[in-house]
Amino acid sequence: MIRRMFRRCGNAPGTALSPDDQAAVDAFRAMLAAVRDPEPWTPGRAQDVAVRVGPFVERAHTRPGDDHGPNLVAVALVHPDTPHAAAYAHRYTSKGWLRCQTAAILGAWKPAYAMLTHAAAGLDLPDDVGMAPAHYGVHVEARKPDGTGYALLRLGPYTQTWLASRDADHLNTELRGRAATALPGFTVTATSAPFDVSSHESYSDPYDNEATTLLAAAVAGRGLPLGIDLLRSSAR
């Protein structure tokens with residue numbers, strides 16, 4: 001009886017692995033191969049990517065239209081078993097959109113990376129994943145009747161999307177009151193939009209100054225101090 005309690009489990013040398021053991025070995029080899037030779041991530045294709053978070057590797061969705069780099073992209077960390085992990089998804093998606101350095105992207109996501117995630121280790125994501133929020137912004141655009149124009153002002157990032165919508169509504173109220181004198185020949189409108197992390201230098205911080213104050217300065221200077229971003233008529 002004592003010998004049976006302390007009997008070692010495993011495969012004797014030269015014997016074939018059990019199906020479960022073989023599957024584990026194959027998964028481990030696939031992970032090593034994926035780490036050694038990652039599939040290149042192609043900016044602009046809205047593909048899931050493998051992102052380094054400390055010593056772990058996590059799966060992340062890139063935000064369509066804000067995934068072109070070259071230095072920063074917006075991502076949302078997701079459970080490695082997405083979409084088949086609804087019970088655990090909140091542990092990841094509660095982080096929201098994040099500003100991810102492209103240098104932290106290992107490559108395109110592969111299922112083989114799943115064993116390197118916090119989820120595989122039975123851990124929640126840490127409070128600090130090393131990425132700042134990348135939420136929404138407000139874009140104020142001046143356009144002529146033919147559709148051509150430029151970006152007059154960009155505000156962001158907002159940590160809550162409802163704050164961006166509130167400021168956009170506030171600015172549009174201000175603009176309606178001075179539609180004829182704001183920029184003659186242009187229609188000026190404010191809209192909430194995804195914060196473009198790769199162009200973050202072109203944004204003004206809405207928490208340092210009132211949005212209306214920034215708008216007044218932009219209109220007075222016709223956008224020049226804030227870095228005009230010329231728009232094509234097909235931008236919308």
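**Stop one: helix 4 and what covers it**

Start by finding what lies over helix 4: its buried residues are covered by elements including strand 6 (136–143), strand 7 (149–158), strand 8 (187–194) and helix 5 (211–220). Before you go on, know that this is a predicted model, where local features need pLDDT of at least 70, side-chain atom pairs count only at pLDDT 80 or more, and totals for chains, interfaces and linings use all residues. Residues are numbered from 1 along each chain as its sequence is written, and side-chain values use heavy atoms, with hydrogens and water left out.

Helices (H or I, at least four residues) and strands (E, at least two) are DSSP runs, numbered from the N terminus. Buried means under 20% relative accessible area (1.4 Å probe, protein chains only). Now select the buried residues of helix 4: Leu-163, Ala-164, Asp-167, Ala-168, Leu-171, Asn-172 and Leu-175.

**Stop two: helix 5**

Next, pick Ala-211, Leu-214, Leu-215, Ala-218 and Val-219, the buried residues of helix 5. They sit on the same side of helix 5, because their arc around the axis (taken from the directions from the helix axis to the C-beta atoms) is only 135°. These buried residues pack against strand 6, strand 7 and helix 4, with contact meaning heavy atoms within 4.5 Å.

**Stop three: strand 1**

Jump to residues 49–53: four of the five residues in strand 1 are buried. Strands pair if DSSP finds at least two bridges between them. Strand 2 (residues 56–62) runs antiparallel to strand 1, joined by five bridges; click Ala-50 and you'll find Arg-59 opposite. Strand 5 (residues 105–108) is also antiparallel to strand 1, with three bridges, and there Val-51 partners Ile-105.

Methods:
Buried means under 20% relative accessible area, exposed over 50%, partly exposed in between (1.4 Å probe, protein chains only).
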